[in-house]
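Here is my note on this structure. Please read the points with the model open beside you.

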Amino acid sequence: MNFDLIKAVVELVQQFMEQNEDKALYSNDIQGFTEWVNVSCKDNSELEGLSWVGKESGRSSESIINTLLIRMGRYAKTYSRSVGSSVFSSQDDFIYLIGLKMMGPMTKMELIKRNVHEKSSGILVINRLIHNEWAEQTVSQKDKRTKYIQITEKGACYTAEAYG
């Protein structure tokens with residue numbers, strides 16, 4: 001497996017997320033990402049020297065990027081399940097906790113958007129974190145209507161063990 005290519009795609013996705021976060025010019029999905037890639041590489045001269053399976057028969061760079069992103073997601077799920085001794089039900093539990101550890105407390109919707117999840121799926125992950133006492137919900141001192149999710153000491157210990 002060519003990890004350099006996967007690393008390059010991940011870096012492109014990260015660039016896309018950072019550049020699109022404030023402007024929201026593109027949708028946060030595969031379609032938006034491929035549109036962004038097309039605009040970012042207007043002259044496509046960078047793509048001319050590259051080759052990939054199916055290029056000769058007309059397979060586009062967008063198609064190969066979509067395929068690689070899907071495969072990366074599947075690989076990540078398979079890898080996270082193979083760890084076996086993990087206390088986490090899914091890779092999302094771990095990813096949400098890492099986000100809280102690195103970024104600090106945030107509202108449920110901020111956390112869900114940061115992880116590019118649908119609201120219903122994100123709420124399930126957050127509820128699981130709270131149920132396992134890896135995260136807790138607190139009320140804002142400034143605005144009592146606002147609630148924040150933050151990592152607990154127990155959650156920080158589990159992420160440190162899993163993350164190293």
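1. Helices (H or I, at least four residues) and strands (E, at least two) are DSSP runs, numbered from the N terminus. Along the sequence, the protein chain reads α-α-α-α-α-α-α-β-β-α. That gives 8 helices and 2 strands.

2. A word on the source. This is a predicted model, where local features need pLDDT of at least 70, side-chain atom pairs count only at pLDDT 80 or more, and totals for chains, interfaces and linings use all residues. Residues are numbered from 1 along each chain as its sequence is written, and side-chain values use heavy atoms, leaving out hydrogens and water.

3. How much of the protein chain is buried? Of its 164 residues, 29% are. Buried means under 20% relative accessible area (1.4 Å probe, protein chains only).

4. Look at helix H5 (residues 91-103) and helix H7 (residues 119-131). They pack at an angle of about 80 degrees, and their axes, lines fitted to C-alpha atoms over the stretch in contact, lie 10 Å apart. H5 and H7 are therefore roughly perpendicular (65 to 115 degrees). In H5, Asp92, Asp93, Tyr96 and Leu97 make the contact (heavy atoms within 4.5 Å). Their partners in H7 are Gly122, Val125, Ile126, Arg128 and Leu129.

5. Now the largest nonpolar core, with 16 residues. Such a core is a set of buried Ala, Val, Leu, Ile, Met, Phe, Trp, Tyr and Cys residues joined through side-chain atoms within 4.5 Å. Tyr96, Leu97, Leu100, Leu111, Ile126, Leu129 and Ile149 touch the most other members. H5 gives the largest share, 5 residues. A second, separate core has 13 residues, among them Val9, Phe16, Trp36 and Ile64.

Definitions and conventions: Buried < 20%, exposed > 50% of the residue type's maximum accessible area, 1.4 Å probe, protein only. Axes fitted to C-alpha atoms, helices over the stretch in contact; angles between N-to-C directions. Parallel < 35°, antiparallel > 145°, perpendicular 65-115°, else oblique.
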